[in-house]
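Please look at the sequence and the model shown here before reading the notes on one of the sheets. The notes go from the sheet as a whole to its individual strand pairs.

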Amino acid sequence: MLHFGKTSHIITIMRKSLAATLFLTMAAPAWATCNFSVVVASRDITGKKLSVNPISNQCDSAPANVSIEFFNLYNNGPISRAISTIQVTYASGASSIVVNGSQKTAGNFLGSAYIHGTANVTFNTEGTYTFSVSAGGGPTVGSQTFQVKVSHFTLSPTQLDIATGGVANNQLQIETNLSGSPAIGWTRIDNTGGESNATLSVDQQRRVTATSDRQSGVFGLSASLFGFARSAQITVPPQPLIQVLIGEAQVQSGNGKAAVAGIIRNRLNQKLFGGYSTYNGLIAARNQFSSVDTDRYKNARLRTTADSKSAYDSAVANAAKVFDKRLSASFGNAIGYGSPGATNNASQKQTEISRLQNELNLQSCHRVSATSVFPNSYWYHGLIEFPSIKDQQLLVFNEIDMSDFVFIRPRPVNGCVIVRQSWTTSN
């Protein structure tokens, strides 16, 4: 039993505490696990009345945590305070519960108090749980019951990448045993590098689409039901960014596509590349990406016409995570790239890979520009003047096979001709 003393001022404190607790519990945050985090049970000052607020509490998932605060305000002199209590019992439920760290089964006593007690209850299983509040000692009073209902409510995926040109999967899945149909809403939270804002729509099958062509955005989506909400992020990268990843890196790995997108991001707002602030403007600019004139690029305006559906899907995923900065790597501040694997001549390819690896293996590196070491390489000769950077350094990223791409940036003072590093390293 809990006993916190018998002085009269404690009753006043308990009354104030009860009023404050009742006020707080009436606010049901939309994102809370339960409608109410606290259930308050009390025996009034006459000792003849028990009350519970709320009598029904809904939780949207397990495990759920609810605090039960029980107050005995009955005060008919020192004797009544010594013998009267308020008691809480776990009457019935789907499974055992954990109360103040101890396992309890149906029929078990949660606690009693002369003045105030607290039972912190954890529900690990879905179902309906019933509790009984009763009085001990003093005037006779009937018991009161209340329930805690633990349900489930899930929204998946929590990250959905779509495109104005279509995607393989744009379906949201909602699973719940709560009554009613979830209300779905969204708001745009970012469109950095976008040309104009896309518009989302969700049909009755919960398929998410975006319009119109070349538009983009990052959106927060919520599904709300019975005072609860679940959230997802929807990313719509600019369609030209998806197209250029097909044009430049259709046969390369997903990491290769991500790195190309990262290099394009690194060129945004750079005077060296025309100062374009949008992906669409930069990609369409003259002499930026030769692949924009290819059928492969043009066909990727729509998934249905793309040369390779799997390459298109990979391009959507990698464009999206660079566009919304889930992949926030600096990519070594690289601004260009070449592909040693871009040849059908296996012997020529192996020769170039060996030359690059030999440079990486040197104990004392050549501290010169890459333009003087690989001037005649089929994958590099077109980059010698790129874009009027005479002193260049090559980067090999740990995350990408060297035959897919080698990257280019201005060579730091006394920097080696080539270095290997993670794409998260900026220097």
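What follows describes the strand order, the pairings and one hairpin.

The model is predicted, so that local features need pLDDT of at least 70 and side-chain atom pairs count only at pLDDT 80 or more, while totals for chains, interfaces and linings use all residues. Residues are numbered from 1 along each chain as its sequence is written, and side-chain values use heavy atoms, with hydrogens and water left out.

**The sheet**
- An open sheet is formed by 4 strands in the order E13-E19-E18-E15, with mixed pairing; strands are DSSP runs (E, at least two residues), numbered from the N terminus, and two strands pair if DSSP finds at least two bridges between them.
- Its edge strands are E13 (159–161) and E15, each of which pairs on one side only.
- Neighbouring strands of this sheet are turned by 25° against each other on average, direction ignored, where the axes are lines fitted to C-alpha atoms and angles run from 0 to 180 degrees between N-to-C directions.

**Antiparallel pairs**
- E15 (residues 183–190) pairs with E18 (residues 217–225) in the antiparallel sense over 7 bridges, and Trp 186 stands opposite Leu 221 in E18.
- E18 also pairs in the antiparallel sense with E19 (residues 228–236), over 9 bridges, and Ala 223 has Arg 230 in E19 as its bridge partner.
- The hairpin of E18 and E19 has 2 residues between the strands, and Phe 226 in this hairpin takes a positive phi near 55°.

**Parallel pair**
- E13 and E19 pair in the parallel sense over 3 bridges, with Gln 159 opposite Gln 233 in E19.
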